[in-house]
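Reader: I'd like to learn how to read a helix and its aromatic rings in a model. Could you walk me through one?

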Amino acid sequence: METRRILMRSLAVAVVMASVIWTTTAAGEVVYSCCTKVSTAKVTDPIIKITMQNENYPCVKAVIFETKQVKFCSDPKQRWVREKVKQFFKKNNITPRPTSSISD
């Protein structure tokens, strides 16, 4: 009789845990680690890293400027963005790859 009670409690705990996990997973929001939109605001903070992102839904084509505080998703068609990238490459003695999409 005692074994049956322990088994029922264990089963009840398992059901509760499974329902909590299912509920939090179903209610969770999908988070993408890419730029889904770009800003036209100019980046004035010192840039420590630049990444080129190609379009692949829901991600958009972007230049990602990383500073100490935050990452900025910028429109690669903006003239100031292209100039910032060139300045960054020149300052850090980096030769851009010929296949870079920054000139598109």
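Author: Gladly! Let's start with a term: a residue is called buried when its relative accessible area is under 20%. Keep in mind that this model is predicted.

Reader: Which residues of H2 are buried?

Author: In H2, they are Trp80, Val81, Val85, Phe88 and Phe89. The helix itself covers residues 79-91, and its 13 residues reach 18 Å from the first C-alpha to the last, close to the 18 Å expected at 1.5 Å a residue.

Reader: What do the buried residues of H2 pack against?

Author: Three strands: S1 (49-53), S2 (62-66) and S3 (71-74).

Reader: And what follows H2?

Author: Asparagine 93 does, with a positive phi near 50°.

Reader: Now the rings, please. How is a pair of aromatic rings described?

Author: By the distance of the centres and the angle of the planes. This structure holds 2 aromatic pairs. One of them joins phenylalanine 65 and tryptophan 80, which are stacked at 5.9 Å centre to centre with 25° between the planes.

Reader: Which parts does that pair tie together?

Author: Phenylalanine 65 lies in strand S2 and tryptophan 80 in helix H2, so the pair links parts that are 15 residues apart in sequence. Both phenylalanine 65 and tryptophan 80 are buried.

Reader: Why is the pair of phenylalanine 88 and phenylalanine 89 called tilted?

Author: Their ring centres are 6.3 Å apart and their planes stand at 55°, so this pair counts as tilted; planes under 30 degrees apart would be stacked, and over 60 edge-to-face. Phenylalanine 88 and phenylalanine 89 are both buried, too.

Definitions and conventions. Residues are numbered from 1 along each chain as its sequence is written. This is a predicted model: local features need pLDDT of at least 70, side-chain atom pairs count only at pLDDT 80 or more; totals for chains, interfaces and linings use all residues. Side-chain values use heavy atoms; hydrogens and water are left out. Helices (H or I, at least four residues) and strands (E, at least two) are DSSP runs, numbered from the N terminus. The expected span of a helix is 1.5 Å times one less than its number of residues. Buried means under 20% relative accessible area, exposed over 50%, partly exposed in between (1.4 Å probe, protein chains only). Contact means heavy atoms within 4.5 Å. Rings of Phe, Tyr and Trp (its six-membered ring) pair if their centres lie within 6.5 Å; planes under 30 degrees apart count as stacked, over 60 as edge-to-face and the rest as tilted.
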